[in-house]
Amino acid sequence: MTAANAGTVNARLIAEGANGPTSVEADAILAARGIPVLPDILTNAGGVTVSYFEWVQDLGRLFWDRDEIRKRLADKLTDAFDRVWDVSHEQGITLRDAALVAAIREVSAALEARGIFP
C-alpha cells in the first residue's frame, strides 16, 4: 500500500499479510483516517514461532501433537497482540509503533536481566 492508494482504502481494519507491504506515507494516511493496521511483525509471526517450538522440541527430545502446538501458538500470539494493543492505547500510538516500542522494551529487559548493559 502506498500514499497513492491509501486514501481510497475502504476498510475498518487492515492486517498486513506480507513483509513491509505498507509504506511509511501510507501508514500515516491510514492512521490519520482512523484505520488501524495490524503490522506484519504480528501477523506473520506464526511461522517463526512454530520454528522455535520445533527447535525447543528437538533440544528437549519432546513431541507435541498438532493441538498442543496450536494451543502454544495461540497463547504466544495472543500475548504478543495484547502487549502491543496495550502499548498502543496507553501511548496513543499506532499498532506498528506500539509493536516497535514493545519489542525494544523486551530486548532492553532481556539485556538488563542478563547483565549485558547496566
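Predicted model: local features only at pLDDT ≥ 70, side-chain atom pairs only at ≥ 80, totals over all residues.

Biologist: Which residues make the contact between α4 and α5?

Modeller: α4 brings Ala 45, Gly 46, Thr 49, Val 50, Phe 53 and Gln 57. α5 brings Ile 69, Arg 72, Leu 73, Lys 76 and Leu 77. By class, that contact of α4 with α5 has six nonpolar, three polar and two charged residues.

Biologist: Where is Leu 73 found, and what is it in contact with, leaving aside neighbours within four places in sequence?

Modeller: Leu 73 is found in helix α5. With those neighbours left aside, Leu 73 is in contact with Gly 46, Thr 49, Val 50 and Phe 53. Take Gly 47 as well: Leu 73 and Gly 47 are 26 residues apart in sequence, yet 9.5 Å apart in space, C-alpha to C-alpha.

Biologist: Now α5 and α6. Why is α5 called roughly perpendicular to α6?

Modeller: α5 and α6 pack at an angle of about 110°, with axes 8 Å apart. The roughly perpendicular class runs from 65 to 115 degrees. The angle falls inside that range, so α5 is roughly perpendicular to α6. This crossing of α5 and α6 is right-handed.

Biologist: Which residues of α5 and α6 meet?

Modeller: From α5, Arg 83, Val 84, Trp 85, Val 87, Ser 88 and Gln 91. From α6, Leu 95, Ala 98, Ala 99, Val 101, Ala 102, Arg 105 and Glu 106. The residues of this α5 and α6 contact divide into eight nonpolar, two polar and three charged.

Biologist: Which residues form the largest nonpolar core?

Modeller: It has nine residues: Leu 38, Leu 42, Ala 80, Val 84, Val 87, Leu 95, Ala 98, Ala 99 and Ala 102. α6 gives the most, with four.

Biologist: How do you know that Val 84 and Val 87 are in contact with Ala 98?

Modeller: Contact means heavy atoms within 4.5 Å. Leaving aside neighbours within four places in sequence, Ala 98 is in contact with Val 84, Val 87, Ser 88 and Ile 93. A second, separate core of seven residues includes Ala 6, Ile 14, Leu 30 and Ile 35.

Biologist: Why is Asp 40 called buried?

Modeller: Asp 40 has a relative accessible area of 16%. Buried means under 20%, so Asp 40 qualifies. Asp 40 lies in helix α3, residues 40–43. Leaving aside neighbours within four places in sequence, its contacts include Glu 16, Asn 19 and Arg 96.

Biologist: And Arg 61: what makes it count as exposed?

Modeller: Arg 61 has 79% relative accessibility. The cut-off for exposed is over 50%, so Arg 61 is exposed. Arg 61 is found in the loop between α4 and α5.

Methods: Residues numbered from 1 in each chain as written. Heavy atoms only, no water. Helix = DSSP H or I, 4+ residues; strand = E, 2+ residues; numbered from the N terminus. Nonpolar A, V, L, I, M, F, W, Y, C, P; charged D, E, K, R; others polar. Core = buried A, V, L, I, M, F, W, Y, C linked by side-chain atoms within 4.5 Å. Buried < 20%, exposed > 50% of the residue type's maximum accessible area, 1.4 Å probe, protein only. Axes fitted to C-alpha atoms, helices over the stretch in contact; angles between N-to-C directions. Parallel < 35°, antiparallel > 145°, perpendicular 65-115°, else oblique. Left-handed = near helix turned anticlockwise from the far one by under 90°.
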